[in-house]
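Welcome! Please have a look at the structure below, and then we will walk through it topic by topic.

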Amino acid sequence: MKILDKYLLKTFLITFTTVFVILFFIFILQTIWLFISELAGKDLDIFMILKFLMFSMPRIIPLVLPLSVLLASIMTFGNLAENYEFAAIKSSGISLQRAMRSLTVFILLLSVVAFFFANNVIPYAEFKFINFRKNIAQVQPALAISEGQFSDVGVYNIKVNKKSGKKGSILTGVTIHKKSNIGDGSKTVIKAKDGELISNEESNTLQLVLNEGNYYEDIVPQKYEERSKLPFARSSFKKYTLNIDLSQLNQVDVDENRSGNTNTMLTVNELSYTLDSLRKNLKTEIISYSENNNLRTGISSVDTTKRKVKEGKLPENILSLYSKEEQLLILTIANSNVLSVSYAIEASKINLINKQKNINNHVLAFYEKFVVAYACIMMFFIGAPLGAIIRKGGLGLPIIFAVLIFIAFHFINTFGKRISQEDGLSPFLGSWLSSIILTPLALLLTHRATNDIGLINMDVVLAPIQKIIKKIFPSKK
């Protein structure tokens, strides 16, 4: 490796590492902000918090890596051009493509690493992250309940005065409000002197054993005038066991992906196998539903009747064979059948649309692994020539260009995926839409930088303005 290649590679790696660490730290802070409701007020120790963040870190890489490549490229080549190092390189007969050769090899290797990271590390981390959030209360059940405030635990709101014992499983001063199914407030209140939380990591049920308390339940009288008296039933207990379903705990909206959507947890091979099964199931379901619908509506018998009418065996107006009362009954039954079939078709349509959306999400997850790798290459061929053209390094103008380009890339990428999820665009095009739009920009900038053409020919813009100024303010002789 020649001295120039070593120098450029060293300069780029230092800048890239610095930018990557800073951006990664910023996105980690954003992750903490998004999941602050799951971390705050639950007595999580430092190990649990670090474990939570460790599982969430890999999902940040697809955002940080292309932006780091873009910003590092602009800053590196901008510094070289600003300090006239490029002028010295070109004066020695070395072209821009030759100067970029060592960095191009590095970016290609980085894109391969990015693909394997997206294909192997991120699915595993996503699986661990979602299951860690889902089972956080099973590992340490007291985390679901905070001292001195009501905590939402399944269908119950639980408040305790004090927690003690191993992992805070011994509760003192327990007050429980059970949510009403019809949404008219709490109709059941349980108060107990103390209690104990018992859980099993292999079960979705948390047991709360209460000691020495009372059970209150509001009664709604059938007569309206008696409801103002607010009657209730009260019973005492020495020991009462409450079973709490943990399957609904820690459900937070995470980018349109729930724990049931496993597309982010699969590798390319697993996604291919899953997509093949999903498509076959959808096709089988469509064929099965159409055949069953034909049998239920009697389409085959209708075809037979039409053939008999053509052969002259039946009159064209079949209803004329029946009396007025029978005609009315037949039309009423037919109308009822049509409405029933239309409702069934509508319900089936919604089900098939949801299945197609699930397929689209899996296809998007499949192509997303390749988009991350290509984005690194594309951002380098945007940033490197752009830095050579603007001839500005540091953290000023390069950051402005990098942020604008990355926002455009991220917005187009998100827009394409959202439309593809709703089946308004093919998943392939939705995944690659941002790359398709920005690739011509990379080619254009590389061409202009190679041929020493500026980003914008300012003479074309300034010449008409100068003429207008001269006409308005003519120079004095």
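E212 is found in strand 5 (residues 205-218), where helices (H or I, at least four residues) and strands (E, at least two) are DSSP runs numbered from the N terminus. This is a predicted model, in which local features need pLDDT of at least 70 and side-chain atom pairs count only at pLDDT 80 or more, while totals for chains, interfaces and linings use all residues. Residues are numbered from 1 along each chain as its sequence is written, and side-chain values use heavy atoms, with hydrogens and water left out.

**Backbone angles**

- E212 is not a glycine, yet it has a positive phi of about 50°.
- D423 is another residue other than glycine with a positive phi, near 65°.
- You will find D423 in the loop between helix 12 (397-421) and helix 13.
- D423 counts as partly exposed because its relative accessibility is 46%; buried means under 20% relative accessible area, exposed over 50%, and partly exposed in between (1.4 Å probe, protein chains only).
- For background, most residues other than glycine have a negative phi.

**The chain as a whole**

- The secondary structure comes to 14 helices and 6 strands.
- Of the 477 residues in the chain, 37% are buried.
- The accessible surface comes to about 28,700 Å², and 61% of it belongs to carbon and sulfur atoms; such areas come from the Shrake-Rupley method with a 1.4 Å probe, and for residues only the protein chains shown count as cover.
- Take the contacts between residues at least 6 apart in sequence: 69% of them join residues at least 24 apart, where contact means heavy atoms within 4.5 Å.

**Annotated spans**

- An unreviewed UniProt entry annotates "transmembrane region" at residues 12-36, 60-81, 102-125, 370-388, 395-412 and 424-445; UniProt positions are given in the numbering used here, feature names are shortened, and annotations may be inferred rather than shown by experiment.
- In the model, residues 370-388 are 100% helix and 0% strand, with their end C-alpha atoms 28 Å apart.
- Residues 395-412 are 89% helix and 0% strand, and their end C-alpha atoms lie 25 Å apart.

- Helix 3 (residues 46-56) has M48, F52, L53, F55 and S56 as buried residues.
- Looking down the axis of helix 3, you see its buried residues fall within an arc of 165°, so they line one face of the helix; the arc is that of the directions from the helix axis to the C-beta atoms.
- I46, F47 and L50, on the other side of helix 3, are exposed.

**Nonpolar cores**

- Which residues touch the most other members of the largest nonpolar core? They are F77, F86, F380 and I382, in a core of 53 residues; a nonpolar core is a set of buried Ala, Val, Leu, Ile, Met, Phe, Trp, Tyr and Cys residues joined through side-chain atoms within 4.5 Å.
- Several helices each supply at least two residues of this core, including helix 1 (3-34), helix 7 (101-134), helix 11 and helix 13.
- Helix 4 gives the largest share of this core, 13 residues.
- A second, separate core has 18 residues, among them I176, A192, L208 and F237.
- Leaving out residues up to four places away in sequence, F380 touches V69, S73, F77, M100, L103, T104, I107 and P385.
- S73 lies in helix 4 and counts as buried because its relative accessibility is 0%.

**Aromatic pairs**

- Rings of Phe, Tyr and Trp (its six-membered ring) pair if their centres lie within 6.5 Å; planes under 30 degrees apart count as stacked, over 60 as edge-to-face and the rest as tilted.
- By this rule there are 19 aromatic pairs.
- F366 and F370 have ring centres 5.6 Å apart and planes at 50°, so the pair is tilted.
- F366 and F370 are 4 residues apart in helix 11 (residues 324-390), separated by about one helical turn.
- F366 counts as buried at 18% relative accessibility, whereas F370 counts as partly exposed at 31%.
- Y367 and F428 form an edge-to-face pair, 5.1 Å centre to centre with 80° between the planes.
- Y367 lies in helix 11 and F428 in helix 13 (residues 427-450), so this pair ties together parts that are 61 residues apart in sequence.
- Ring pairs also link F12, F16, F20, F24, F77, F106, F380 and F381 into a cluster.
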